[in-house]
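Take a look at the model below.

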Amino acid sequence: MRGVLPTALMAFLTYIVFTGSLTPYDLATGAVVAVVVGLLMGPHTVRDDSKALNPIRWLWMAVYFLWYMLVAETKSHIDVIIRTLTGNYRPGIVRVPIDVSTDYARTLVANSITNTPGTVVVDMDERYVYVNWIDVTTRDPEEARKEISADFEKFARKIFE
């Protein structure tokens, strides 16, 4: 059945990471939960097993997670703290083109923008995301893309396309 193995593997890894335990009980419970999730959700969420199980994509996902948590989040938090303390901000909504094609990649880009302090995706269509930005430095869509979403798109393409 298409999608069962990659979905079960991701569910198992997520379960183990969130429980923080490698006891036999947690490993067995995680395996049972993973198989059930894989059987129920795998056929609906994975289109191509070979892409989902590609170790290079998983490596890029790990690199992205580390980069996002250590670099993007830190820079954005510092920027928002400074803007909050100084009152130096110009909020507004900008239209930002996105250059990824799959739904998963578009979702990753939109979620990454929203989870980064100072930006929130308020709407999206096939070609654009509309972002409420704490400090609008440009109204030009391409310039806004470079500042807001270009790095996220680069990783989304390597992971999902």
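At what angle do H6 and helix H7 pack, and how far apart are their axes? The angle is about 70°, and the axes lie 5 Å apart. Angles from 65 to 115 degrees count as roughly perpendicular. H6 and H7 are therefore roughly perpendicular to each other. Keep in mind that this is a predicted model.

Now look at the residues in that contact. From H6 come Arg 145, Lys 146 and Ile 148. H7, which covers residues 150-160, contributes Ala 150, Phe 152, Glu 153 and Arg 157. Sorted by class, the contact of H6 with H7 has four charged residues, three nonpolar ones and no polar ones.

Stay with H6, residues 141-148. Its buried residues are Ala 144, Arg 145 and Ile 148. Around the axis they cover an arc of only 105°, which puts them on the same side of H6. The buried residues of H6 pack against several elements: E1, helix H5 (103-115), E3 and H7.

Glu 143 pairs with Lys 146, and the closest N and O atoms are 3.5 Å apart. The two residues sit three apart in helix H6, so about one helical turn separates them. The geometry follows a general rule. An α-helix has 3.6 residues a turn, so residues three or four places apart point the same way. Glu 143 counts as partly exposed because its relative accessible area is 35%. Lys 146 has a relative accessible area of 53%, so it counts as exposed.

Next, turn to helix H4, residues 55-86. Which residue forms a salt bridge with Asp 79? The partner is Arg 83, with the closest N and O atoms 3.1 Å apart. Both residues lie in H4, four residues apart, about one turn of the helix. Asp 79 is partly exposed because its relative accessibility is 30%. Arg 83 is at 15%, so it counts as buried.

Another salt bridge reaches across the sequence. The side chains of Asp 135 and Arg 90 meet at 3.4 Å, N to O. Asp 135 lies in the loop between strand E3 (128-133) and helix H6, and Arg 90 in the loop between H4 and strand E1 (92-97), so the pair ties together parts that are 45 residues apart in sequence. Asp 135 counts as buried because its relative accessibility is 5%. Arg 90 has a relative accessible area of 43%, so it is partly exposed. Salt bridges that share partners join Asp 79, Arg 83, Arg 90 and Asp 135 into one network. The structure holds seven salt bridges.

Finally, step back to the whole chain. How many helices and strands does the protein chain have? There are seven helices and three strands. From the N terminus on, the elements run α-α-α-α-β-α-β-β-α-α. The C-alpha trace spans about 55 × 35 × 25 Å along its principal axes. Of the 161 residues in the protein chain, 35% are buried. Among contacts with a separation of 6 or more, 73% come from residues 24 or more positions apart.

Key
Residues are numbered from 1 along each chain as its sequence is written. This is a predicted model: local features need pLDDT of at least 70, side-chain atom pairs count only at pLDDT 80 or more; totals for chains, interfaces and linings use all residues. Side-chain values use heavy atoms; hydrogens and water are left out. A salt bridge is a side-chain nitrogen of Lys or Arg within 4 Å of a carboxyl oxygen of Asp or Glu. Buried means under 20% relative accessible area, exposed over 50%, partly exposed in between (1.4 Å probe, protein chains only). Axes are lines fitted to C-alpha atoms, for helices over the stretch in contact, and angles run from 0 to 180 degrees between N-to-C directions. Angles under 35 degrees count as roughly parallel, over 145 as roughly antiparallel, 65 to 115 as roughly perpendicular and the rest as oblique. Contact means heavy atoms within 4.5 Å. Ala, Val, Leu, Ile, Met, Phe, Trp, Tyr, Cys and Pro count as nonpolar, Asp, Glu, Lys and Arg as charged, and the others, Gly among them, as polar. The arc is that of the directions from the helix axis to the C-beta atoms.
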